[in-house]
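Please look over the sequence and the model below before reading the notes that follow. They begin with overall features and then turn to particular residues.

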Amino acid sequence: MAPKTFFLAATALVWPAITRAYTLKDNYTGNSYQDFFSKFTFWTGADPTNGHVHYVDETSAWSNGFIGNGGSIYHGVDNTNKVGNEGSKSVRLTSKIAYSPGTLIVADIAYMPQVCGTWPAFWMTAASDDWLKN
């Protein structure tokens, strides 16, 4: 079975109405990705989509190899252990930064898994945690 991973490079640009040009607001590729994961919180609650998954914290994600930053950002799931009652271990990240309408997000995703049972996603959603329920 192929690893369920994706690699990510992202940049946020803002389009001010006055200048009619984009300006760089946040660069997630800066500093050789050293601080990439510090810009996110790790979701450890129950899956709001009711999926069969167990989201892990940052320490567990690092120690189990679910995330990495060796030149490209690595973000994956546990693809070696059998799924237990709590579901596959995985990582769900939420940005610490909220972007307003008109923001252009540029992401270079080198690999997005396409195997059965995965739901890789790059979602831009409302700030509230209950957006899926509405």
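A residue is called buried here when its relative accessible area is under 20%, exposed when that area is over 50%, and partly exposed in between. By that cut-off Arg92, with a relative accessible area of 17%, is buried. The model is a predicted one, and the values below are computed from it.

**Overall make-up**

- The protein chain contains 1 helix and 10 strands, and, read from the N terminus on, its elements follow the order β-β-β-β-β-α-β-β-β-β-β.
- Of the 134 residues in the protein chain, 28% are buried, while the chain exposes about 8,600 Å², with carbon and sulfur atoms supplying 52% of that area.
- When contacts between residues at least 6 apart in sequence are considered, 65% of them join residues that are at least 24 apart.

**The salt bridge**

- How many salt bridges does a search of the whole structure find? The search finds 1, and Arg92 forms a salt bridge with Asp47, with the closest N and O atoms 3.5 Å apart.
- Arg92 lies in the loop between β8 (88–90) and β9 (93–95), whereas Asp47 lies in the loop between β4 (40–42) and β5 (53–55), so the pair ties together parts that are 45 residues apart in sequence.

**The largest nonpolar core**

- Which residues make up the largest nonpolar core? This core has 12 residues in all, namely Tyr28, Tyr33, Phe36, Phe37, Phe40, Phe42, Val56, Ala61, Phe66, Ile67, Ile73 and Val91.
- Val56, a member of this core, is in contact with Phe42, Trp43, Thr44, Ala61, Phe66, Lys89, Ser90 and Val91, once its neighbours within four places in sequence are left aside.
- In soluble globular proteins, nonpolar side chains tend to be buried together.

**Aromatic pairs**

- The structure holds 6 aromatic pairs; in one of them the rings of Phe36 and Phe40 have their centres 5.1 Å apart and their planes at 40 degrees, so this pair is tilted.
- Phe36 counts as buried because its relative accessibility is 1%, and Phe40 also counts as buried, at 14% relative accessibility.
- The rings of Phe37 and Phe42 likewise form a tilted pair, because their planes stand at 40 degrees, with the ring centres 6.1 Å apart.
- Phe37 is buried with a relative accessible area of 3%, and Phe42 is buried with a relative accessible area of 13%.
- Ring pairs join Tyr28, Phe36, Phe37, Phe40, Phe42 and Trp62 into a cluster, and members of this cluster including Tyr28, Phe36 and Phe37 also belong to the largest nonpolar core.

**The surface and strand β10**

- Which residues make a nonpolar surface patch of about 240 Å²? The patch is made by Tyr22, Leu104 and Val106.
- Val106 is found in strand β10, which covers residues 103–107, and this residue counts as partly exposed because its relative accessibility is 42%.
- Asn27, in strand β3 (residues 23–27), also counts as partly exposed, at 31% relative accessibility.
- Although Asn27 and Val106 are 79 residues apart in sequence, their C-alpha atoms are 9.9 Å apart in space.

**Exposed residues outside the strands**

- Gln34 lies in the loop between β3 and β4 and counts as exposed because its relative accessibility is 58%.
- The C-alpha atom of Gln34 is separated by 9.9 Å from that of Gly68, a residue 34 positions away along the chain.
- Met124 is found in the segment after β10, where it is exposed, with a relative accessible area of 55%.
- Met124 and Tyr99 are 25 residues apart in sequence, and the distance between them in space, from C-alpha to C-alpha, is 9.3 Å.

How values were computed
Residues numbered from 1 in each chain as written. Predicted model: local features only at pLDDT ≥ 70, side-chain atom pairs only at ≥ 80, totals over all residues. Heavy atoms only, no water. Patch = residues over 30% accessible without salt bridge, like charges linked within 9 Å, V, L, I, M, F, W, Y side chains within 5 Å. Areas by Shrake-Rupley, 256 points an atom, 1.4 Å probe, with all protein chains shown as cover. Salt bridge = Lys/Arg side-chain N within 4 Å of Asp/Glu carboxyl O. Helix = DSSP H or I, 4+ residues; strand = E, 2+ residues; numbered from the N terminus. Buried < 20%, exposed > 50% of the residue type's maximum accessible area, 1.4 Å probe, protein only. Core = buried A, V, L, I, M, F, W, Y, C linked by side-chain atoms within 4.5 Å. Contact = heavy atoms within 4.5 Å. Phe/Tyr/Trp six-rings, centres within 6.5 Å; stacked < 30°, edge-to-face > 60°.
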